[in-house]
Amino acid sequence: MMERYSELRVLRWYDRIQASLQPEGDAPGPIRANLDLTNLCSHACPWCEPLDFRKATIAGNRHTLPKDIAEGVLSDLREMDCRLINFSGGGEPTLHRDFGPLLETAHRHGFRTNVITHGGFIDRWTDYLVDCADHIRVSLDSSCDAEHRQMHGSKSGEFRRVVGNIRSLVKARGDKRSPEIGIAYIVADCNRTYYSILPFLEMAQECGVDFVHFRPVSEQTRQFMHGDWNAASALIAHVAKKFPRLDVRILGKRGNDVFTQREFDKCYAAYTLAVIGANGDVSACCDQRTIVFGSVHEKRFRDIWQSQEHRKKAAAIVPRLCRICLMCDYNRAVRKYVVGNEALPEML
């Protein structure tokens with residue numbers, strides 16, 4: 001199951017990535033697009049990384065993408081042969097009043113669809129999620145109500161509501177095993193012990209989800225975790241042995257090379273993976289919201305993506321100066337296997 005995280009995945013897109021890096025000609029469409037529908041959220045996670053960005057768009061009433069604009073973006077992405085749409089944030093995508101119809105539109109266009117949600121409102125969209133989503137990941141990040149309030153700034157009782165929603169969603173999909181449903185768990189000081197990990201995995205198995213994944217808070221929010229991640233991941237692996245039927249994924253440390261020279265000198269993600277914010281900005285990535293290639297309120301997505309301004313600004317990104325690189329692994333893989341040709345694909 002962990003093959004989905006292999007660096008060699010980029011070889012599937014070898015020709016397309018190479019074409020995207022050429023200085024002339026029409027750029028191919030992005031392989032994947034993050035489409036933020038809204039920056040509004042009913043939770044208040046203190047470690048949420050785009051928090052300042054979200055607050056600014058809410059204050060300026062630029063927090064939600066209109067349905068017609070989102071539909072236009074999806075139409076352009078379809079014509080440009082984008083393969084996957086990630087509905088995340090920003091904020092909480094299921095708060096958008098047209099979330100279900102937009103998910104259905106993406107499905108009808110033939111995209112694979114991922115939904116990243118805090119889970120509080122998925123009961124509103126059960127039919128759409130079961131019929132139109134390929135992958136649903138609920139950010140629960142806790143094993144009980146008290147931890148949920150600490151991790152998500154939620155109200156009392158919200159943890160039980162989300163767990164009930166997960167259980168109901170798994171039941172609604174029945175025996176077809178689609179969409180894939182999983183739970184994410186950000187590890188911090190308040191939820192990193194055996195007495196949190198064990199009941200969380202018990203709950204996940206009881207709900208019948210397909211996977212859970214664990215990840216530490218990023219280096220930029222280290223005030224929420226002072227313990228050693230290697231020790232925490234070893235504990236998780238130990239407890240996971242009690243649940244052989246549950247797919248437990250322990251993901252790598254985020255941002256652990258922020259202050260060191262990265263071996264890639266170009267942000268390849270900015271050429272091949274699109275981020276369309278709820279305020280309409282097409283940005284370099286979910287973290288670099290200030291590097292804007294254009295606004296879908298002013299131009300079609302296709303025109304922004306294929307513009308010289310996009311390529312010029314993407315080329316000007318200096319990875320080692322990024323505050324934190326959410327696409328480090330992807331950029332590293334492209335540098336090794338596409339640009340550097342270290343896998344020697346012609347010999348495979």
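**Aromatic pairs and a helix contact**

Student: Tyr 195: buried or exposed?
Tutor: Tyr 195 is exposed, its relative accessible area being 69% (buried is under 20%, exposed over 50%, partly exposed in between, with a 1.4 Å probe and protein chains only). The model is predicted, so local features need pLDDT of at least 70 and side-chain atom pairs pLDDT 80 or more, while totals for chains, interfaces and linings use all residues. Residues are numbered from 1 along each chain as its sequence is written, and side-chain values use heavy atoms, without hydrogens and water.

Student: And what about Tyr 194?
Tutor: Tyr 194 is partly exposed, at 29%.

Student: How many aromatic pairs are there?
Tutor: There are eight, counting Phe, Tyr and Trp (six-membered) rings with centres within 6.5 Å; planes under 30 degrees apart are stacked, over 60 edge-to-face and the rest tilted. One of them, Tyr 194 with Tyr 195, is edge-to-face, at 5.4 Å between centres and 85° between planes.

Student: Why is the pair of Phe 301 and Trp 305 stacked?
Tutor: Their planes lie at 20°, with centres 5.7 Å apart, so the pair is stacked. Both residues belong to helix 11 (residues 301–305), four residues apart, about one turn; helices are DSSP runs of H or I, at least four residues, numbered from the N terminus. Phe 301 is buried at 1%, and Trp 305 is buried at 1%.

Student: Which residues form an aromatic cluster?
Tutor: Phe 87, Phe 99, Trp 125 and Tyr 128 form one.

Student: Changing topic: where do helix 3 and helix 4 meet?
Tutor: Lys 67, Ala 70, Glu 71 and Leu 74 of helix 3 meet Pro 101, Leu 102, Thr 105 and Ala 106 of helix 4, contact being heavy atoms within 4.5 Å.

Technical notes: Helix = DSSP H or I, 4+ residues; strand = E, 2+ residues; numbered from the N terminus.
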